[in-house]
Every structure is written in structure tokens, then in C-alpha cells.
Amino acid sequence: MNRSLRPLAATTIIFIIAYGLSVAQFPNMFSTRVLGNFLTDNAFLGITAVGMTFVIISGGIDLSVGAVIGFTGVLVAVLVSWFSVHPLIAFAIALVVASAFGALMGCAIHFLQVPSFIVTLAGMFLARGAASVLTQDSIPVNHEFYSFISTLYIKLDGGGRISFIGGLMLLVFVIGAILAHRTKFGSYVYALGGNATSASLMGVPVARTTILVYTLSSFLAGLAGVVFSLYTSAGYPLAAVGVELDAIGAVVIGGTLLTGGYGFIFGSFVGVMLQGLVQTYIIFDGSLSSWWTKIVIGMLLFLFIVLQRVIFSSSAPKLKHVRKLKHE
Amino acid sequence: MADTSYTLQARGICKYFGEHTALQDIDFALRPGEVHALLGENGAGKSTLIKILTGAYHPDAGEVLLEDRPVSFRDPLHAQAHGIGTVYQEVNLLPNRSVAENLFLGRQPTRFGMVDKRRIEREATELLARYGLDDIDPRAELGAYSVAVQQIVAIARAVELSGKVLILDEPTASLDRNEVEKLFEVIADLKARGLAIVFITHFLDQVFAIADRVTILRNGRLIGTEPLTEMSRTDVVRMMLGKDISFSGGTSAVGEREVGELLVSFRGTGRTGSLQPFSLDIHKGEVIGVAGLLGSGRTEMARIMFGIDPADSGEIRLNGTPVSIQSASDAIAHGFGFCPEDRKADGIIGDLSVRENIVIALQGKLGWFRALNRDDQLEIAGRFAEMLDIRAASPDMPIKLLSGGNQQKVILARWLATDPGFLILDEPTRGIDVGAHAEIVRTINRLRDDGMALVVISSELDEVVAYSSRIVVMRDRELVAELRGENINPSVIVQAIANQSDEAIAS
Amino acid sequence: MRRHPLMRILNAQTVALAGVLLLNWFLFPGFFDIAWQDGRFFGSLIDVLNRGAPVAILAVGMTVVIATKGVDLSVGAVMAVAGAVAATMVVDGYSAFTAIVVALAVGTLCGVWNGLLVALLDIQPIIATLVLMVAGRGLAQLITEGSIVTFSDPHLIFMGTGSFLGFPMAAVIALVLMIAVTLAVRRTAIGLFIEAVGINRSAATFAGIRSRMLLISVYALSGFCAAVAGIIVAADIRGADANNSGLWLELDAILAVVIGGTSLLGGRFSIPMAVIGAIIIQAMNTGILVSGFPPEFNLIVKAGVIILILVLQSPIAQQLLIFSRRNAGKRSTP
Amino acid sequence: AEMTVGFSQIGSESGWRAAETSVTKQQAEERGIDLKFADAQQKQENQIKAIRGFIAQGVDAILVAPVVATGWDDVLTEAKEADIPVVLLDRGVDASEDLYLASVASDQVKEGRVAGQWLVDTVGDKECKVVELQGTVGSTPAINRKKGFEEAIAGHANITIARSQTGDFTRSKGKEVMEGFIKAENGGKDICAMYAHNDDMAVGAIQAMKDAGLKPGSDIYVVSIDAVPDIFAAMVAGEANATVELTPNMAGPAFDVLAAYLKDGTKPEKFIITESKLYTPADNPQGEYDTRKGLGY
Ligand SMILES: Nc1ncnc2c1ncn2[C@@H]1O[C@H](COP(=O)(O)OP(=O)(O)OP(=O)(O)O)[C@@H](O)[C@H]1O
Ligand SMILES: Nc1ncnc2c1ncn2[C@@H]1O[C@H](COP(=O)(O)OP(=O)(O)OP(=O)(O)O)[C@@H](O)[C@H]1O
Ligand SMILES: [Mg+2]
Ligand SMILES: [Mg+2]
């Protein structure tokens with residue numbers, strides 16, 4: 001098996017085992033309802049994680065995604081509720097604004113040579129600030145289009161459903177995977193994360209790729225904002241605080257290296273699902289106090305990373321020695 | 001007309017790095033269908049000139065002409081688009097991607113907008129076969145292969161990209177003879193197709209084997225461009241150094257001389273999965289040469305000796321008492337030193353100054369609290385810079401800005417500063433100019449005469465023969481033979497490496 | 001290259017600090033007023049020092065961590081833990097001294113834990129410290145059971161609100177810590193080793209530096225600094241607020257380090273500059289407070305100032321600066 | 001039969017919140033209810049997940065303390081479809097009323113109004129410059145408590161809000177912001193009253209006043225909301241003037257409603273508004289302090 005597939009396999013196995021153990025304890029967790037909820041409830045996180053995966057593979061990080069989700073949600077709500085713009089047009093506007101914002105951050109990262117951590121931190125402040133300047137209150141969106149979207153779902157046996165936004169997330173993962181693993185852009189992103197100097201000497205358009213990566217991440221964060229707005233039928237400036245850390249966690253649990261250059265889009269999907277599983281488990285358990293919830297989440301995070309580490313290091317790069325010289 | 005028309009030409013190029021003049025008024029011209037050797041000492045400015053020709057740097061003065069038209073390349077990509085393929089001195093590939101992708105990145109064939117992976121892999125296999133790399137899996141990560149393989153991949157990539165010009169900056173530094181021969185076949189083929197080829201190396205034999213003309217730089221200035229037919233080796237060296245050096249210096253085999261008392265002995269030392277247990281005694285005043293093919297496990301043996309990968313079997317005795325070497329710092333505490341082979345990854349600490357790079361191992365030995373002050377550091381750095389003729393504009397300059405050869409000398413200086421009893425050198429002369437090469441060989445001899453025990457790994461057999469008191473041969477991660485006396489000569493070593501009946505040699 | 005001492009002081013950080021202070025003065029004319037009252041100095045400038053102290057203290061530890069190419073996201077949570085430990089102990093009747101020592105030890109231990117994950121298990125620092133960032137706050141709440149543990153021990157309170165020679169204790173502690181750590185790393189070889197490990201850990205290990213030990217120590221220092229900051233913050237409000245103490249301060253601390261010119265990619269570092277970075281951030285916060293901006297603009301103002309400083313520090317701006325200096329030099333030498 | 005109730009709490013961001021959690025657990029225990037507790041760490045998405053989880057688990061009823069008013073329609077509809085009654089705690093939601101059984105909440109605007117009214121009554125016709133410590137920017141209580149207070153002082157031109165900044169509902173930010181206000185308002189001499197959106201900020205601000213050599217409670221009036229123990233301690237010391245109670249016992253009435261409904265389908269009153277009682281030093285602050293101390297604040 002390809003070495004870089006190992007962490008992905010590891011994560012998947014961990015997920016299956018963890019799910020199995022949870023079901024053993026709470027049989028109710030094995031239902032289409034819970035599985036459907038995994039998709040719907042984590043849709044915005046999953047979509048964000050796809051963008052984050054690209055950023056991290058390229059060797060960067062994007063701390064602004066949570067704030068961008070909040071901002072787009074508010075923007076959409078303001079446009080729809082205050083200016084009676086049709087939601088679809090509002091979505092388009094929001095996505096364009098979010099993408100432009102990402103492009104701007106990408107430019108700053110590339111041209112000013114400031115680390116992405118700091119640029120996107122400033123971006124986070126800016127987006128969150130802009131959202132609270134637009135409105136401090138939560139704005140409800142009452143539009144028949146929203147109600148229409150919430151009727152779009154596939155019913156599963158056992159009361160579960162695959163909602164529109166859950167399906168959208170799956171679609172984004174598929175497109176993301178194709179983009180990352182099958183296109184030139186994808187290979188440029190990996191190249192950038194491997195070694196930016198080499199990449200530029202090898203003819204990778206570094207500026208364009210960097211800018212596109214952050215544009216993509218912000219676009220997807222914007223899309224996640226739209227999804228969040230569909231999910232809650234509202235726009236709230238404080239929505240999705242800290243989602244950046246959840247997304248980074250999911251991406252890393254999914255086997256993508258924070259140092260860049262290695263990773264799989266599908267891994268992030270498993271990472272998101274694992275986080276959803278942990279939360280659902282805690283909810284089903286229902287006996288943890290606020291603080292124990294945090295401690296348990298921290299411990300599980302630790303456990304996953306260490307498990308992955310163990311599996312990953314047992315498959316550490318073995319140098320292949322090629323001996324071409326056959327002196328008879 | 002054909003005589004005056006140049007494929008690529010540089011006129012009056014100047015390049016300054018701050019106060020330092022890297023290139024001053026350089027003219028350089030390439031004819032189609034020629035192999036043009038670019039020679040000079042370490043730090044003469046060869047790599048800098050290449051970077052200017054290919055758009056990686058921009059000249060402070062002068063112009064570049066491609067087929068008699070002035071061009072100004074924005075970046076290497078732009079140069080590539082004009083048919084100039086380059087292999088820069090440090091292998092610049094992506095170890096995290098597959099071999100195939102490294103070969104095709106930036107110009108992958110697509111189908112319906114998707115990269116056509118199958119086709120890339122197929123073409124990569126064909127391409128690699130031409131360089132004798134049939135058993136390489138194009139889907140495997142490049143980083144999984146040795147430096148030599150990576151170097152060949154880099155060359156193959158550049159060759160594919162070069163429609164008009166191919167530039168190779170020290171491509172042969174980490175290749176062995178057969179690979180060099182393969183490379184020369186490819187170059188001859190390209191030359192016949194009318195490409196202009198720039199070839200930088202410190203191996204004069206290779207220059208005479210393949211080049212048509214030679215341009216020589218010294219201290220950033222142009223010394224001259226001459227057809228090679230009219231030059232002898234001595235002429236070339238004189239132009240490079242501005243003085244004569246003798247080649248015979250110390251080449252008479254060292255042979256069986258009086259060695260000092262036993263210093264270190266390895267008894268059944270090995271590491272599972274990495275190296276078969278080996279036994280070796282090293283005396284004071286003795287140089288053990290280590291020969292073997294690429295990947296035969298020489299570097300691994302050195303790493304085990306130095307505690308980077310601690311041994312998991314056997315024992316190590318120092319002056320007769322068993323010692324435990326679990327880490328590099330243990331080894332250093334026992335007076336060991338180790339110049340690693342991969343200078344960029346394991347040697348230099350790029351952003352630190354030359355001074356700090358020299359004193360760091362000594363400081364590591366002294367520990368956290370016995371800090372050398374700046375004056376001590378400058379004194380030590382100055383002493384070794386002079387001793388090894390390290391050319392740096394200032395001891396406070398970051399080492400990453402030094403030329404490759406000078407970086408190598410700094411690493412050597414680092415270890416000499418710790419005053420080691422036992423020094424391991426892994427490919428110490430790789431990428432070193434003739435002058436410095438002789439200097440390093442002399443230094444090895446001197447250290448041995450001063451009573452130091454050395455283990456020197458080198459792929460250059462002539463060199464190994466020149467300073468070794470004994471030679472051990474590695475094959476398949478196992479120490480297979482030990483050569484002494486008259487067996488220390490290149491042909492016997494080659495036989496031993498090539499798996500002739502071991503007994504015959506070992507006798 | 002030797003530069004005029006005046007030029008050396010004139011770097012992006014000091015220019016930015018002066019700029020922010022002047023802007024504050026412009027928005028609030030009384031900004032530079034300092035009065036002597038109740039045996040201590042009193043004024044906005046003093047507030048900046050006092051309020052900036054926790055982040056400055058965090059930045060001291062964060063700088064060395066970042067210099068090793070790491071990052072410590074857990075400092076905010078460790079602050080909460082240390083504050084909770086100190087507060088519950090004095091409430092349980094232990095002396096302030098014991099409480100402080102135990103809290104510092106617990107903080108250092110948290111740092112050691114991070115260091116072990118990074119150095120021994122080779123987990124990437126962001127993730128390794130994310131574990132404690134999440135779980136640490138939970139631990140702190142476990143200790144306080146979610147409530148604010150209020151105390152009235154005068155010695156412990158003195159750590160946060162006392163004054164020394166008229167200056168706020170917190171600022172004095174920050175200053176002492178900054179000087180002590182700077183001397184400790186610069187007068188020994190530790191600073192050199194930290195930089196070496198940050199730039200090229202493999203080469204540093206080959207050169208005989210015990211990089212694992214060093215990494216663990218560095219994270220331990222960061223944990224210790226976080227504990228100091230946590231005690232100060234708790235002492236300041238006479239209570240351990242496990243829920244909010246140090247919340248998001250890790251970002252401010254990282255920001256301070258970066259504003260101070262230390263690269264997130266490791267290597268060369270400067271602790272005093274990071275402390276100046278912390279003061280810049282606080283000057284900005286205090287400026288927003290006294291200027292009377294509506295609070296919803298806080299984040300935007302903050303982002304604006306960060307962007308400004310980053311642009312000032314960026315290689316492009318530096319080149320322009322060098323260029324203009326060189327031109328000025330040319331003119332002066334005919 | 002034992003009843004299982006799922007409780008989706010916002011988090012544990014303040015002492016009041018911790019008290020609400022512990023009072024809820026205590027109330028459940030008294031009634032023999034099996035309480036499934038889920039902490040959402042201030043995130044609405046986590047609350048929605050929790051409610052969905054409770055539904056999947058098949059609990060008998062659900063309590064939610066919603067982090068924000070909007071965005072509950074879908075998940076409440078799901079609960080309704082699953083025949084699980086939902087009671088809202090602590091604040092209302094912007095959803096159709098038939099989606100939940102009842103709401104037990106305080107009137108946050110009224111809380112602000114009560115605080116404002118106290119100030120109006122206290123200062124009379126004197127000129128009074130007020131500084132306001134807001135809660136977290138954008139949070140519902142911050143918005144409502146500001147609104148209520150402004151309503152109460154509207155029409156009293158002598159009372160003006162001179163400065164208003166966010167103290168994030170925390171003690172240390174409250175202190176820091178107050179320090180800034182004091183500097184900006186002539187060493188605090190121009191400030192007549194301080195209104196804080198919660199007691200924690202007020203406690204911090206009191207310390208800032210004392211550090212600046214001012215006497216909180218007399219130089220500057222201190223009025224705030226929540227009625228946590230520490231503000232009564234301050235009242236005992238004469239450093240705080242008024243607080244408006246927000247009871248942590250929202251679960252008690254909610255359980256009563258649920259029990260009645262599950263027994264025989266009794267439709268309860270939709271909106272149960274808890275009392276917003278004003279406490280001043282005249283209301284035996286020491287006694288209040290003692291009774292509240294054990295509630296987990
Ligand atoms: N970016 C830079 N900044 C400052 N000085 C530099 C820089 N790059 C190269 N130099 C200096 O310019 C000189 C020429 O270096 P260059 O790498 O071209 O030498 P070279 O001839 O290729 O040597 P070698 O054979 O060792 O590779 C050296 O003295 C080097 O220190
Ligand atoms: N444990 C290791 N980790 C990383 N790289 C290694 C390790 N061991 C060996 N290498 C690298 O693998 C390559 C082959 O090493 P090995 O010791 O097997 O061969 P060698 O005989 O020294 O050949 P070479 O001439 O390539 O150095 C070298 O480039 C070496 O640096
Ligand atoms: Mg060179
Ligand atoms: Mg080797």
C-alpha cells in the first residue's frame with residue numbers, strides 16, 4: 001500500500017472501532033437517524049475542513065474560517081431579510097465576497113511574506129468585526145426558499161434522513177478530492193507544501209497557487225456560512241466561533257500533516273465524522289459535567305493522535321535502495 | 001554565421017550581495033551543440049551565474065541574450081518556457097511527491113481537465129529506463145530514494161524540459177561511475193541534437209572527458225574562455241587557482257605504517273533492520289577508508305558509530321572500556337566527531353552565522369552553561385577559517401549564503417574545533433573544488449599523523465587509496481571485506497565491491 | 001554590518017509602538033498624564049504596562065517556543081489551571097507562598113507534558129498543545145467546579161494589584177521575568193541551541209545538542225510563564241475565573257511574538273521585542289477603551305493595526321526602508 | 001415510572017451558568033428524574049447536535065437553554081415529530097410557539113429596565129453621567145439589558161450614558177474597562193454611576209474604582225444584574241448599590257410543567273416569566289449571600 005495512505009487507513013480503522021464500541025454501549029447509536037445526523041450536523045464543518053485541508057497541504061493554516069462563516073451568514077441574512085434579495089442571489093454575493101476576502105489574504109501571505117497564521121488571524125478579527133458591525137443581533141431569515149430547502153431530503157429506513165446540506169457536504173468532499181488528487185492545481189498545492197523553493201524552481205506558479213488556495217478556503221468557508229444559514233435559518237455574528245480549531249483538528253486527525261505536503265481530502269471527512277462521533281457519544285452518555293466534557297474531548301484527541309502516530313511511525317519512510325549496478 | 005551565433009549569451013553581468021561582489025563583468029556564451037564546462041573554486045560564482053542565466057536571480061548589471069535577442073527571465077519557469085532546463089546545485093525536487101510527478105510537474109498531460117496519471121506513470125517508466133533506472137517505481141515517493149536517484153530524476157526532468165539549453169550544476173557530485181557514464185551518454189546525445197550544455201563540476205577528468213570549451217571564474221571575475229583541446233589539466237588548474245598545485249601530494253599509498261594504540265573497537269555492533277553486526281578496530285593515527293556502492297550501508301554504519309541510530313547489538317569499547325553510545329551527544333562526550341553526508345539536511349544550520357556554525361559542536365560539548373563568549377567564538381572561527389581556507393565575507397554571515405564547498409569546510413571546522421580523538425567523515429570532499437580537495441586530503445593526512453583515528457567514507461576510490469591505512473568494503477548493509485597493504489588499490493576495491501569471491505581479496 | 005545605535009532602536013516595533021501611543025494621545029489627550037497617588041503611579045500609560053503584563057509574560061515563554069519552530073496554544077488554559085490551583089489552595093487555608101509555588105509547579109508540569117508530546121512523540125506542536133488547550137480549561141473548571149473562587153489573601157492579591165517602587169507589581173514581574181529569561185538564554189549557550197534546533201533540528205542533533213531535553217525545557221518555561229500570568233490575573237480580580245481566565249490570550253501572545261519580529265518558522269528570536277509586541281497590543285486595547293469607540297469596532301481596529309504592523313515589517317517595506325537609508329547615505333557622502 | 005430528560009446547556013461561561021446547571025441537576029435529583037446533560041461550549045451547532053442526539057436516544061423530554069434566539073425551527077420540528085416535549089430555559093426563541101411546550105425565562109429587557117428605574121429613582125434630578133459595561137458584543141442579554149436600561153432612563157435628560165464598552169461578562173475585563181473609563185472621565189470624578197450587564201463585571205469594576213482611590217457605592221453608584229453571591233458581599237461592604245435577580249432555578253418550574261404534561265397532557269402556560277427582583281442593601285445582603293453561597297455560583 002502507498003505509504004501516505006497509511007494514516008488515512010489508520011484513521012478509518014480508528015473510526016470504525018470507536019463507532020463499534022459506542023454502539024456496544026448505546027445500541028441506539030446504530031441507527032440511520034444518528035448516521036444521518038452525522039452528515040447534517042457536521043455539514044458546515046465538513047465543507048470548511050475541505051478548504052482547510054488544501055490550506056494545510058500547501059503548508060499554511062487558515063484561522064479565519066470560523067469568522068468567515070459567521071460573516072457570510074450575517075451577510076446573507078441582512079440581504080434576504082432587510083433588502084429582500086432572493087436567497088440564491090444573496091448566496092452568490094456572499095460567496096463572491098468571501099472568495100475575494102480569501103484572495104486578499106492569499107495576496108498578503110504571498111506578497112508581504114507574512115506567515116499565514118498571522119494574516120488569517122487578522123482576517124479572523126476583520127471578518128468577525130465586520131459581522132458585528134453589520135448587526136449585533138441574530139437576524140432570522142424567513143423565506144420560502146429556506147423552507148423549501150429544508151424539505152429536500154432523502155428519507156432512510158429507521159427515521160434517518162440525508163438532508164440537502166448533508167448531501168452538499170458529500171459533494172464538496174468528492175469535488176475536493178478530485179481537485180486535490182486529480183488536477184494540476186492539486187499537484188501544485190502538494191508541491192507548495194513539500195518545498196516552496198523547489199516548487200518555484202520546478203515551475204509551479206507559486207503566487208497563483210497560494211492565492212487560489214486561500215481563495216478556495218474562504219470560498220468554502222463562505223459556502224459553509226451559507227449552509228450554516230440554511231441550517232439555522234438565521235445569521236448571527238457570533239456563529240461558528242472556534243470552528244477553525246475544530247476544522248484543523250479534523251484535518252489533522254484525518255492524517256494530513258500540518259507541515260504540509262501530505263494529506264488526503266477523504267481523511268478530513270473521517271476526521272469530521274470522528275469528531276461528530278465523540279460529541280454524539282458524550283451526548284448519549286449525558287453524565288459528563290461541562291468540565292469533564294472538555295477533558296474527555298482533549299483526552300480523545302490525544303488518544304487519536306497517539307494511535308495515529310503509532311500506526312504512522314511503524315510505517316515510517318523506509319529508504320528504497322536501488323542497486324542498478326550488477327557487476328557479474 | 002554559425003560561429004558567431006550563440007544560443008545563450010551573457011554580457012557584462014555583475015551581481016552584488018550587499019557589500020560582497022559575487023560576479024563582476026562576466027561574459028559567457030554558449031554555442032549550439034557544445035558542452036561548455038564552467039569551472040572555478042568554491043565560491044567563485046558559478047552557481048550565481050547559472051541562477052542569473054535562468055532567472056532565479058536578477059543581475060545588477062549586464063544583459064542576457066537568447067539567440068541574439070535580449071531576454072529578461074522573470075523566474076525559472078519563464079526560462080523553462082524558453083527551452084532552458086536546469087539542475088541547480090542543491091537537488092530541488094519534491095521528496096513528498098511521486099517520482100513520476102516530479103518528472104512531469106508543471107506540464108502534466110491532462111484528459112478532460114484531469115491529470116492523466118496512467119500516462120504520466122507510463123512515460124516516467126520509459127524515461128527512467130533510459131537512465132538505467134528500470135527498477136524504480138514511478139508511483140513511489142521520491143523521498144524514499146537515495147540522493148543519487150533523486151539527482152538522476154532531477155537531470156531527467158531538466159533534460160526533458162530543455163529545448164535549447166541544458167544547465168547542470170554539479171550533477172555528478174553524488175553519482176557513481178556507472179551513473180556518470182549513463183549521464184555522459186545522454187549529454188552526448190543532446191549535444192548531437194544541437195543543444196547547448198553547461199556543465200559545472202569539480203572533477204577535471206569529467207571535464208576533459210566531455211567538454212568542448214571551458215570558462216573559468218575566479219573570485220567572481222572572468223579568467224577566460226578557451227577550447228579544451230588547447231589546454232592541459234595543469235593549465236586549467238592554474239587558471240582556476242591562479243597558482244600551481246601538485247597532484248602527487250601524498251598519493252603514494254599510505255600502506256602498513258606504524259599505527260598507534262587501539263582507540264575504538266566495535267564488536268558485533270549492529271542495528272536490526274538497518275545494518276548487519278560488524279566488528280572493527282580503529283587505532284590512533286589510522287585512517288579507515290570505507291568503500292561500497294551507493295546504498296551499501298556506509299552512511300548507516302557511520303550513523304550507528306555516532307549514536308544517531310544507536311546500535312542494538314554488540315558493544316563499543318573506547319580505550320578498552322565498554323562505553324554506551326545512545327545519542328550524538330554521548331558520542332561527542334567520548335571525543336567522537338561526525339561530518340554527515342547530507343550537508344543541507346544534517347550539516348548546516350542555515351540561518352546561523354558561520355561563526356556559530358563552527359562553534360556549535362564545541363559548545364554542545366561544553367554544555368548549556370559554559371558559554372563561549374563572542375570573542376572566543378570569533379577567535380575559534382577565525383583560526384579554523386584560516387586553517388581550512390574558508391571564504392566568507394564575514395564570520396557573521398549566515399552560512400546558507402556560502403557556496404557549497406565552503407559550507408562543507410565549515411562543517412569540517414566544526415568538528416576539528418571539538419578536538420576529537422575519533423572522527424568520521426562521510427563523503428567529505430563531495431562538491432569541493434580541486435584546491436580545497438587537495439587541502440582536505442592533506443588535512444586528513446595531517447590529522448592522522450597527529451594521532452587522530454579517522455573513518456572516511458568516500459565514493460572516490462583514488463582518494464580513498466590516497467589516505468587510507470586500511471579499507472573496509474560494504475555490501476548489502478554488511479561489512480564484507482577488509483583490505484590492507486597492496487590490496488589498497490582501486491582495482492582490488494572495485495572487485496571487492498563487485499562481489500568477487502571475498503576470500504581471494506581478503507587474504 | 002554595524003549600524004548606528006539610534007538606527008538599531010528605530011525598528012518596526014518601536015516605530016509601531018510610538019505610532020500607537022501617539023494615536024492614543026491624539027484620541028485621548030490625557031493619555032500621557034501620570035499622577036502619583038496612594039504611593040503609586042497612576043495613568044493610562046501605567047495601565048498599559050499593568051494590563052499588558054500577562055500577555056508580555058506569556059510572550060516571554062512563547063518566544064522561545066516559537067524559536068524552536070513550535071507554538072504553544074495551551075498557555076491560556078494553563079493560566080486558568082494555575083489561577084484555579086492558587087485560589088483554591090489559599091481558600092483551603094494554605095499560605096499564599098505554598099499556593100503560588102504549587103501553582104507554578106503545576107503550570108511547569110503542564111509545559112513538560114506539552115514538551116514530552118512534542119519532543120518524544122514527535123507530535124506537531126499545534127496539535128500537541130491543542131490537547132491541553134481543550135482539556136486544560138476543563139481541568140481548571142474541575143478544580144473550581146465552574147464557579148469563580150474568590151479569595152482575600154493579601155499576599156496573593158499583592159501579586160496582581162500591589163506595587164513596587166510605584167509601579168504595578170504585574171509589570172515589575174513581567175520586566176524581571178523578561179530580563180531573567182533573556183539573560184538566561186543569552187549569557188549561556190541555551191539561546192544558540194534554541195535557534196539551532198529551530199532552524200534545523202536534525203543538524204543540531206548531529207552537532208550534539210540534546211534537542212529533546214531542550215524542547216521539553218522550552219515548553220516547561222512556557223508553562224511556567226503561563227502559570228505566572230495566571231496567578232497575576234487571578235490575583236488582580238481576587239478570584240480564579242476558570243471559565244474566562246486567559247481565554248484566547250494564546251493568540252495575543254503569538255501575535256506579540258510575531259510583532260516582535262520572531263519568525264513562526266523558528267530560528268532567531270528576541271524576547272524584549274516580543275514584550276514590546278505585547279505592549280503594542282495592549283496600547284491598542286487601552287486606546288480603544290479610552291477613545292470611546294463603540295465596542296463592535298474593536299476587532300476591526302485591532303485587525304487594522306495588525307495589518308499595518310505586518311506591512312511595516314514585510315520584506316517589501318524593509319527593502320524600501322533600506323533603499324531610502326542607502327539613498328540618504330549616498331547624499332551625505334558626496 | 002422514571003422520566004429521562006435531556007438538558008442542553010450553553011456552557012459554563014459564568015458563575016451564574018454554573019449555578020443554573022447545578023440547580024437543575026439538584027432539582028432533577030429531587031424529583032427522581034434521570035437527567036442527560038450536554039454542554040454545548042457556547043455553540044449553537046452543538047446544541048442542535050445535542051437535541052438531535054436526545055431525539056435519537058428517545059428521551060421523554062428536552063430542556064434547552066438556547067445560546068441564541070434564532071435557528072431552532074428545524075430541530076424543534078424534529079422533536080415535535082418525535083413527540084418529545086421541549087421546554088426552553090432562560091431565554092426565548094424566535095420560532096413558532098407550537099414547536100415547544102413552554103418557556104421558562106426572565107425578561108431581560110425588564111431586568112435592564114428595573115436597573116435603570118432604580119437609578120432614576122435614586123439620583124432624582126441630579127446630573128448623572130453613567131458608564132456602562134456591556135456583555136459580550138452581540139449576545140442576547142447584552143442587547144436586551146442595554147435596551148431595557150436605555151428605556152428606563154429615556155425621558156430623564158439628566159441621566160446620560162457617557163461611555164459604553166464591552167467587558168465580555170468577565171470580571172477581569174470589567175476591571176480593565178472600568179480603569180479605562182476612570183482615566184477617560186477625569187479620574188472617575190465625572191462618573192456618577194456604573195451600570196454593568198452582569199455582577200461579575202461589576203465586581204471587577206468595583207476593584208478598579210477602589211484601586212483608583214474612589215469609593216464605589218458612594219462616589220459612584222454601582223448597579224448590575226444577576227444577584228450572584230459576590231455582589232451581596234460587596235453590598236455588605238457598602239460597595240454595591242443594587243442588583244436585579246436572575247434566578248438560577250429555571251428548571252424547577254420546567255420540571256413541574258413537564259410532569260403535569262406527561263401525566264395527563266395538561267397544557268401549561270406558554271411563557272413562564274421569572275421574577276426580576278431588585279435587591280438593595282436594605283434587603284439583608286448578608287443573608288442573601290449565605291443562602292446563595294452553596295448553590296454552585
Ligand atoms: N544570496 C546570497 N547572499 C549573499 N552572498 C551570496 C548569496 N549567494 C551566493 N553568495 C556568495 O556568492 C559567492 C558565489 O557563490 P556561488 O554559490 O555562485 O559559488 P560556486 O562557484 O557555485 O561555488 P561551489 O563550487 O562551492 O558551489 C560566494 O562567496 C557566496 O558566499
Ligand atoms: N536512517 C536514515 N534516515 C534517513 N536517511 C538515511 C538513513 N540511513 C541512510 N540514509 C540515507 O540513505 C542513503 C543511503 O544510505 P546508506 O548508508 O545505505 O548508503 P551509503 O553506502 O552511505 O551510500 P551513499 O553513497 O548514498 O551515502 C544516504 O543518502 C543516506 O544519507
Ligand atoms: Mg555552486
Ligand atoms: Mg553515504
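Modeller: Start with A:Thr40, which is buried at a relative accessible area of 8%; here buried means under 20%, exposed means over 50%, and partly exposed is what falls in between, using a 1.4 Å probe and protein chains only. Residue numbers run from 1 along each chain as its sequence is written, chains are lettered from A and ligands numbered from 1 in the order in which they are written. Keep in mind that this is a predicted model, so local features need pLDDT of at least 70, side-chain atom pairs count only at pLDDT 80 or more, totals for chains, interfaces and linings use all residues, and side-chain values use heavy atoms, with hydrogens and water left out.

A:Thr40 sits in helix α2 of chain A, residues 32-41. The side chain of A:Thr40 makes a polar contact of 2.9 Å with that of A:Ser163. That term takes a pair of N or O atoms within 3.5 Å; within protein, one must be able to donate a hydrogen and the other to accept it, and residues adjacent in sequence count only if both atoms are side-chain atoms. Beyond four places in sequence, A:Thr40 is in contact with A:Arg161, A:Ser163, A:Ile165, A:Gly166, A:Tyr231 and, from another chain, D:Arg52. Contact here is heavy atoms within 4.5 Å.

That D residue takes us to the chain pairs. Chains A and C share the most contacts of the 5 pairs of chains in contact, with 40 residues from chain A and 39 from chain C taking part. Chains B and D have no contact at all, and their closest C-alpha atoms lie 37 Å apart.

The rule finds 0 salt bridges across A and C, a salt bridge being a side-chain nitrogen of Lys or Arg within 4 Å of a carboxyl oxygen of Asp or Glu. There are 4 residue pairs in polar contact between the two chains, both residues at pLDDT 80 or more. On the chain A side, the elements giving two or more residues are α6 (116-134), α12 (243-253) and α14 (290-313). By class, that side has 28 nonpolar, 9 polar and 3 charged residues; Ala, Val, Leu, Ile, Met, Phe, Trp, Tyr, Cys and Pro count as nonpolar, Asp, Glu, Lys and Arg as charged, and the others, Gly among them, as polar.

Now set C against D. Here 34 residues of chain C touch 32 of chain D. The area buried between them is about 2,600 Å², and carbon and sulfur atoms give 50% of that. The C–D interface has 3 salt bridges by the rule, and 13 residue pairs in polar contact, both at pLDDT 80 or more. On the chain C side, α3 (44-67), α11 (211-237) and α13 (271-291) each give two or more residues, α13 of chain C having the largest share with 6 residues. By class, that side comes out at 9 nonpolar, 17 polar and 8 charged residues.

One C–D salt bridge pairs D:Lys175 with C:Asp236, their closest N and O atoms 2.4 Å apart. Within chain D, D:Arg17 and D:Glu20 form another, at 2.9 Å, and both of these residues are buried. Salt bridges that share partners also join C:Arg51, C:Asp236, D:Lys175, D:Glu179 and D:Asp211 into one network.

Last stop, the disulfide. The whole structure has 1 over all chains, counting cysteine sulfur atoms within 2.5 Å. D:Cys128 and D:Cys192 form it, with their sulfur atoms 1.8 Å apart. The S-S torsion of D:Cys128 and D:Cys192 is about -80°, so the disulfide is left-handed. D:Cys128 lies in strand β6 (128-134) and D:Cys192 in the loop between α6 (171-184) and β8 (193-196) of chain D, so the pair ties together parts 64 residues apart in sequence. D:Cys128 is buried at 1% relative accessible area, and D:Cys192 is buried at 14%.

Note on methods:
Helix = DSSP H or I, 4+ residues; strand = E, 2+ residues; numbered from the N terminus. Buried area = accessible area lost by both parts, 1.4 Å probe.
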